[in-house]
Amino acid sequence: MVRRGFNPFACVFTRADISATTGIRFFPCTAVRPTADIKAVHAMMDALNITGDTRLTFGYLESDEPDIFTGPPTVIDGNFSRTTDGFSGTAGYIGVTFTKAYVVFGVITRNNSADPAKIELCWVSTRFDTRAC
């Protein structure tokens, strides 16, 4: 069952690569939002059926074009990661500084440590609350 205010569960997966740069994938979980009034974000997730060595973190992509988001994602809270089933989130609102006009929030996946690295997956539902101050 989806929690109140959360998006529906989506299947997210890793690459068969344990590198912190080339081994990550970003899955958008929100609609495109203007960044003008966002100064802090509180991110929460409910993760189910995590396989193998999946590592989940919260992140975002910025763009000046509302339809084109490229580049590596930015991690919202470097102290947060999830590797097991369950509900968790950032420890309150985390300050963010944007340099572009639009943002999309989501989940960053990575194969944490498997040898040999394989594609892993899980089901994730998220909620991103924002503040303007």
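This is a predicted model: local features need pLDDT of at least 70, side-chain atom pairs count only at pLDDT 80 or more; totals for chains, interfaces and linings use all residues.

Trainee: Okay. How many helices and strands does the protein have?

Mentor: Zero helices and 10 strands. Read from the N terminus, the elements go β-β-β-β-β-β-β-β-β-β.

Trainee: What makes the radius of gyration agree with that of a compact globule?

Mentor: Set the two values side by side. A compact globule of 133 residues would have a radius of gyration near 14 Å, and the protein has 14 Å, so the two agree. Along its principal axes, the C-alpha trace spans about 45 × 30 × 25 Å.

Trainee: Now the labels. Why is Thr-57 called buried?

Mentor: The cut-off for buried is under 20% relative accessible area. Thr-57 has 6% relative accessibility, so Thr-57 counts as buried. You'll find this residue in strand β5, which covers residues 54-63.

Trainee: Which residues does Thr-57 touch?

Mentor: Leaving out residues up to four places away in sequence, Thr-57 touches Phe-80, Ser-81, Gly-106, Val-107 and Ile-108. For the whole protein, 43% of the 133 residues count as buried.

Trainee: And what makes Ser-113 partly exposed?

Mentor: Partly exposed sits between the limits, with buried under 20% and exposed over 50%. Ser-113 has 45% relative accessibility, so Ser-113 counts as partly exposed. Its place is in the loop between β9 (102-111) and β10 (121-131). Not counting residues up to four places away in sequence, Ser-113 touches Ile-18 and Asp-53. The C-alpha atoms of Ser-113 and Ala-31, on the other hand, are separated by 31 Å, and these residues are 82 apart along the chain.

Trainee: On to charges. How do you know that Asp-46 and Arg-3 meet in a salt bridge?

Mentor: Side chains of opposite charge can pair when their charged atoms come close. The label asks for a side-chain nitrogen of Lys or Arg within 4 Å of a carboxyl oxygen of Asp or Glu. For Asp-46 and Arg-3 the N to O value is 3.2 Å, so the pair passes.

Trainee: How many salt bridges does the structure hold?

Mentor: Two. Arg-127 forms one with Asp-129, where the closest N and O atoms are 3.0 Å apart. Arg-127 counts as partly exposed, at 27% relative accessibility.

Trainee: Where do the charges sit on average? How far apart are the mean positions?

Mentor: The protein has 13 positive and 13 negative charges, and their mean positions are 5 Å apart.

Trainee: Last one: what is the phi of Asn-49?

Mentor: About 55 degrees, a positive value, although Asn-49 is not a glycine. Look for Asn-49 in the loop between β4 and β5.

Definitions and conventions:
Residues are numbered from 1 along each chain as its sequence is written. Side-chain values use heavy atoms; hydrogens and water are left out. Helices (H or I, at least four residues) and strands (E, at least two) are DSSP runs, numbered from the N terminus. The radius of gyration is taken over C-alpha atoms; the globule rule is 2.2 Å times the number of residues to the power 0.38. Buried means under 20% relative accessible area, exposed over 50%, partly exposed in between (1.4 Å probe, protein chains only). Lys and Arg count as positive and Asp and Glu as negative; His and the chain ends are not counted. The place of a charge is taken as NZ of Lys, CZ of Arg, CG of Asp or CD of Glu. Contact means heavy atoms within 4.5 Å.
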